[in-house]
Amino acid sequence: MTGHDMRGIGMTSARTRDRLIVTLREQGISDEAVLERIREVPRHVFVDEALASRAYENTVLPIGHGQTISQPYIVALMTQALIEGRELPLPKVLEIGTGCGYQTAVLAGFARHIFGVERINALIRLSRERLKALKISNVSLRHADGFDGWISQAPFQGILVAAAPEAIPKALLGQLDDGGRLLIPVGPSGQQELIRITRRGDEFVEETLTAVSFVPLIEGQTQ
Ligand code: SAH
């Protein structure tokens, strides 16, 4: 974390963050608590120092290992779609594809506990450091294949997947609590849609929210 400015001055100033919030509003994010959380969580802490000046642009940025930090709009949209109309905090939320930990940090404001799964071990180590530095302690991270979910902690009131499989993994549906929601991008590159599934007993109600572009959900794990 050395060298990272945690206070948010200069290029990571309040004004820069305010501009991002204006953009998100224009794009249709209306949940005030989500907007406030995005304003609060210092995104520059989650990217390389060389990219810190771009951290509050509404864009995807590289985080190494061929992966990217999600666009703030997508993080806001998925968080909003997850919590809309629900009693907060959600007890347990499962996040698949923790990456650099940014989405995890945003979600941590809306759940009692976040369980994050990431297939690249180096990213898990980085995320742990960053979350600790921000004193976000209601998160457990695991180096594993997200296709399997996190069976010992199920059921979850929310599951959020940050990489796209070609079809919805059955294990994740099985780990959803009654009334719980799964947010997941599905489809091959160039044709993905963000899907929201709500469990009602044995029924799974599916809504298509919007076209999206995520990295693929890849089976297995790596260092
Ligand atoms: N949530 C991140 C975005 C991460 S990009 C953010 O806030 O910016 C998607 C992540 O999913 C990558 O880090 C990738 O390594 C991870 N991923 C891909 N397939 C996976 C799998 N099967 N299990 C767990 N993580 C996976």
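**Close-up views of a predicted model**

View 1. Isoleucine 38 is buried, with a relative accessible area of 2%; buried denotes under 20% relative accessible area, exposed over 50%, and partly exposed in between (1.4 Å probe, protein chains only). The structure is a predicted model, in which local features need pLDDT of at least 70 and side-chain atom pairs count only at pLDDT 80 or more, whereas totals for chains, interfaces and linings use all residues. Residues are numbered from 1 along each chain as its sequence is written, and side-chain values use heavy atoms, with hydrogens and water left out. Isoleucine 38 belongs to helix α2 (residues 32-40); helices (H or I, at least four residues) and strands (E, at least two) are DSSP runs, numbered from the N terminus. Residues up to four places away in sequence aside, isoleucine 38 touches Leu20, Ile21, Leu24, Pro72, Val75, Ala76, Tyr102 and Val106, where contact means heavy atoms within 4.5 Å. Its C-alpha atom is separated by 9.5 Å from that of tyrosine 73, 35 residues apart along the chain.

**View 2. Helix α3 against the sheet.** Helix α3 (residues 72-83) lies across β3 (90-96), β6 (156-161), β7, β8 and β9, and runs at about 155° to β7. Such angles run from 0 to 180 degrees between N-to-C directions, with axes fitted to C-alpha atoms, for helices over the stretch in contact. The helix is mostly covered, with 12 of its 12 residues buried; among them are Tyr73, Ile74, Met78 and Gln80. At 1.5 Å a residue, the 12 residues of α3 should span 16 Å, and the end C-alpha atoms are 17 Å apart, which agrees; the expected span is 1.5 Å times one less than the number of residues. Just after α3, glycine 85 adopts a positive phi of about 70°.

**View 3. The open sheet of seven strands.** The strand order is β5-β4-β3-β6-β7-β8-β9, with mixed pairing; two strands pair if DSSP finds at least two bridges between them. Because β5 (139-143) and β9 (203-212) stand at the edges, each with a single partner strand, one side of each is left without a neighbour in the sheet. From one strand to the next, the twist averages 15°. Strands β7 (residues 176-186) and β8 (residues 192-200) pair in the antiparallel sense over six bridges. Leucine 183 has arginine 196 of β8 as its bridge partner.

**View 4. Helix α5 over β4 and β5.** Helix α5 (residues 121-133) lies across β4 (111-118) and β5, and runs at about 165° to β5. Its 13 residues reach 19 Å from the first C-alpha to the last, close to the 18 Å expected at 1.5 Å a residue. The buried residues of α5 are Asn121, Ala122, Leu123, Ile124, Ser127, Arg130 and Leu131. These buried residues pack against β1 (61-64), β2 (67-69), α4 (102-107), β4 and β5. Lysine 135 follows α5 and has a positive phi, near 60°.

**View 5. The protein as the setting for the close-ups.** The protein has six helices and nine strands, and its C-alpha trace spans about 50 × 40 × 35 Å along the principal axes. Buried residues make up 52% of the 223 residues. Among contacts between residues at least 6 apart in sequence, 55% join residues at least 24 apart.
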